[in-house]
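Visitor: Hi! Could you walk me through this one?
Guide: Happy to; here it is.

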Amino acid sequence: MTTIRFEAADAADYTAIGEGLTRPARAAGRLATDRADAKYALVHGDGCGVCGRAIEPGDAFYLDVDSGDVLCEDHGRERRADGERDGRAE
Ligand SMILES: [Zn+2]
């Protein structure tokens, strides 16, 4: 499970990303290259995949690369914690 944290959304519907994140953004089906002010952007206008909460400008949020879901800070942290638990040998 790969979950990427973003520090702050640029807008409600998308956030500019660096070239290094285009691969996971594309894998998640969320890469946009047609924004006037961003060469590469991650689109997240559908909000959190768990609770539906909109990602507001300035909000931290997460991308679950495997499912393609964008997650609000609470649910992203939760899913990431689950993944870590799954990966631990006990
Ligand atoms: Zn949520």
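Guide: We can go from the overall fold to the sheet and then to the core.

Visitor: Before that, what kind of model is it, and how are residues numbered?
Guide: This is a predicted model: local features need pLDDT of at least 70, side-chain atom pairs count only at pLDDT 80 or more, and totals for chains, interfaces and linings use all residues. Residues are numbered from 1 along each chain as its sequence is written.

Visitor: What secondary structure does the chain have?
Guide: The chain has two helices and six strands, in the pattern β-β-α-β-β-β-β-α along the sequence. Helices (H or I, at least four residues) and strands (E, at least two) are DSSP runs, numbered from the N terminus.

Visitor: How many bridges join strand 1 to strand 5?
Guide: Four bridges join strand 1 to strand 5. Phe 6 stands opposite Phe 61, and Thr 3 stands opposite Asp 64.

Visitor: What about strand 5 to strand 6?
Guide: Three bridges join strand 5 to strand 6, which run antiparallel, and Phe 61 has Cys 72 as its bridge partner in strand 6. The two strands form a hairpin with five residues between them, and Gly 68 in the turn has a positive phi of about 85°.

Visitor: Which way do the residues of strand 5 point?
Guide: Phe 61 and Leu 63 point one way from strand 5, while Tyr 62 and Asp 64 point the other way, and all are buried. A residue is buried if 20 or more other C-beta atoms lie within 10 Å of its own, exposed if 12 or fewer, and partly exposed in between, with C-beta atoms placed from the backbone. Across the chain, buried residues make up 24% of the 90 residues.

Visitor: Which residues have the most contacts inside the largest nonpolar core?
Guide: That core has 15 residues, and Leu 42, Ile 55, Phe 61, Leu 63, Val 70, Leu 71 and Cys 72 have the most contacts inside it. Strand 4 (41–43), strand 5 (61–64) and strand 6 (70–72) each supply at least two residues of this core. A nonpolar core is a set of buried Ala, Val, Leu, Ile, Met, Phe, Trp, Tyr and Cys residues joined through C-beta atoms within 7 Å.

Visitor: Why does Val 70 count as buried?
Guide: Val 70 counts as buried because it has 26 C-beta neighbours inside 10 Å. Leaving aside neighbours within four places in sequence, its contacts include His 44, Ile 55 and Phe 61. Two residues are in contact if their C-beta atoms, placed from the backbone, lie within 7 Å.

Notes
Two strands pair if DSSP finds at least two bridges between them.
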